Each structure stands twice: as C-alpha cells, then as structure tokens.
Amino acid sequence: MDMKQAEQLYRLMFTNMREALAILHLDVRYPDAHPLVIEMNPAAVKLCRCKSFNFDNCLVTDCFPGWFEADRFRDSCHRLSAFGGSLELGEVSRDHSFYRIRIFALTDNHIGMVISDCTRYREEEAEIAGLTSRLEKDAAAMDRRVAERTAQLEEINEELDSFAFSVSHDLRAPIRAMQAFAEILLDDELQTATERNAYLLRIKTAAHGMDRLIQDLLAYSRVSRQEITLEPVSLDQVVRAAAQQLEFAAGGKAYRLEIASDLPTVIGHPTVLVQVVLNLMTNGIKFVPNGVVPLLQIWTDEAHEYCRLYVQDNGIGIPPQHQERIFKIFERLHSMESYPGTGVGLAIVRRAVQRLGGRIGLESKEGEGSRFWIELRRAE
C-alpha cells in the first residue's frame, strides 16, 4: 500500500467514524495558549455549536460551549503534549444525551479528541438500576410477608396448643361434673327433693358454662374465617349499637356509661366493630371490685390518617406482666369463682381488629382501671 492509498483509507475511516473526532492544535511555546480546532469529522461537526466555525481559528470551548472548564482543559492538553499518553475527561450531558470524552497526544503540538455517545449505555444502566431497585423492593416485601406469615403460623400453633389444653381441661370439666351429679341422681334413691334439685341445678350450671365456652369458640372461629369487606363505618352508630346490646349482656347489673359526641367515621366492618366494642364494654363492667359501680368512658382521638377509639373502665386493672397475655385465647388471670369467663373475649377483639387492618393496645395499672384502645384508618 502506497502512502497516497493509505491516506485515502485513513481519511475515509476518519470521515465515517460514528464517534466524534477532532484534531486540536496547541502552541506549546505559550503555556497560556488554548487549543484550537483544526479538523473535525462529520460526527463532531454535528455536535459543534460554534456559529462561525472556521478551522484553525476556533477554540474548543467555543465549539463545545459548557462541555469543558477552559483552563483545566488547556492545562490537560499541555501536559499530554509534554508527556504523551491519553486522558479520560468523564461524561457530559447535553440535550438529553450523554457523551464520554477522551483526549490523547498525537504529536508535540497536536491533540486528538474522541467524543463517544454513551446515551444508550446510560439508559440501559438506568434501566438495570430500576430493575434492581424493583427486585430489592419485591425481595424486601417478600421478606416482610414471610416474616408476617411465620409470625401468624407461630401464633396459630400457640393457639392450637392452648385449644388442645382447653378442650382437655375446660370442656371436660363441666362434662365430668354433669356425669358425676347424674350418677348420684341415678344411684341414690333416698335423696330428698331439695337435694335432687341442687344436683340438677349444678348440672344445668355446668351445661351453661360449656355452652358459653363453645359459643365463644364459634365466635372466635367466625371472626377468624368470615369474609370481611371493609367500608366506611360510623363509630357513633357502632358505639350506640354496642351500648344497646350491653344492656342485655349486663343481666341487670348497674353501670354508668359516658360516650363522647361526634365520634368519627373509620374504615371497618359494622358487625365486627360492634362485637369488638361490646366485648370491651362487657369486660369493663365485669372486672370491677365488689361494691364498685362500673363506669365506662368512651371517646376518640384522631391523628393524621388514623383514629383511636378508647374504652376506659374503673375496674381492677391489669399488672404490666399480664397485659400482653390477656389477648391470647383461653388466657384467664382470675379463677372462675372470682370472675367467671372463658378467656376468649379479648382474643376475639384482637383477631377482629387485625382483620380490620387495625391495632389494639392497653394502658392499665393494677387497682386503677384499664384503658383499651383500638386504632383504625379514618374514612376521610
């Protein structure tokens, strides 16, 4: 290949390169001299913004305004002219595109400059970053669901253990009592009418207790399994409905009830919420010292997107070490003789509030009453 043919080939390559190429001249006699553009290929001309472009007379910073810091670019060119080599100048963003720039020494007073369009690379990089971020969020959400599901399964296992104990103890106790008193009635023919009535009354009481426990278990099962559609629910209507049912549940027991006015609307389920409030009210009038008239106070407190409904009583209170335990199924803090109950009521309340997407809590001091709260999302 002769020199002429080689020059033609190099010229064709220079002209048809997709990368923008420019040849710069630098007067190395003057350290303050800025490099001048003496040639550009068509790709570089497309990027040039010099209105009066003229080879040999245009500063690089005029052709590519804002792409470089003039003095730093000049110093870099002088160093390359003196010591040779190449230098990456990083990326520049212009008109929604990204360009990567490299300069290198050609001769003692000539610098080559290559400008590569890396927009597609940056878009792919951004796309990969977005996909990675989405995967990380999905993985974090999956971890949370696994943790929540694990916690639910552990809770269910604990409930199954408690249920097995209750079935073997609480349900069998009244059955054994009924069986024993029935055998006495059958075997002892010399009983008086008063004695027979007393035994029959004990059988009836045992049957009633067993029925109450079964009813509570069914209620717990219903609130755990029933399909719940959330909707705006007026707490005013919920509390009034629960108050009406409390009159029957109290069985004639005296109590005082104070309800704040203008209770807000929350996201919930009306039937489930009435049961929740009724259970808290029933608890409030049950666990009071002898001779004390129960006092229930109900109000709400709103903060941001949530609303808390408080049910406060003047009962016997709950020691701190038992305040989490009372929400577990079949947990009773007192004997059946002092405060009858199945130990299912508050478990129903907690499960119901969880099904409504809310939270439940308790503030209490032994001997000073309790303040239960449920937190639900506001409707507005």
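The following legends describe views of a predicted model.

Residues are numbered from 1 along each chain as its sequence is written, and side-chain values use heavy atoms, without hydrogens or water. Local features require pLDDT of at least 70 and side-chain atom pairs count only at pLDDT 80 or more, whereas totals for chains, interfaces and linings use all residues.

**View 1. Overall dimensions of the chain.** The C-alpha trace spans about 140 × 50 × 35 Å along its principal axes. The radius of gyration (taken over C-alpha atoms) is 42 Å, while a compact globule of 380 residues would have a value near 21 Å. That globule rule is 2.2 Å times the number of residues to the power 0.38.

**View 2. Secondary structure and contacts.** The chain contains 9 helices and 13 strands, which are DSSP runs numbered from the N terminus (helices: H or I, at least four residues; strands: E, at least two). Among contacts (heavy atoms within 4.5 Å) with a separation of 6 or more, 61% join residues 24 or more positions apart.

**View 3. Cys63 and Cys48.** Cys63 is buried, with a relative accessible area of 0%; buried means under 20%, exposed over 50%, and partly exposed in between (1.4 Å probe, protein chains only). The closest cysteine sulfur to that of Cys63 belongs to Cys48, at 3.8 Å, which is too far for a bond. A disulfide is a pair of cysteine sulfur atoms within 2.5 Å, and the whole structure has 0 disulfides.
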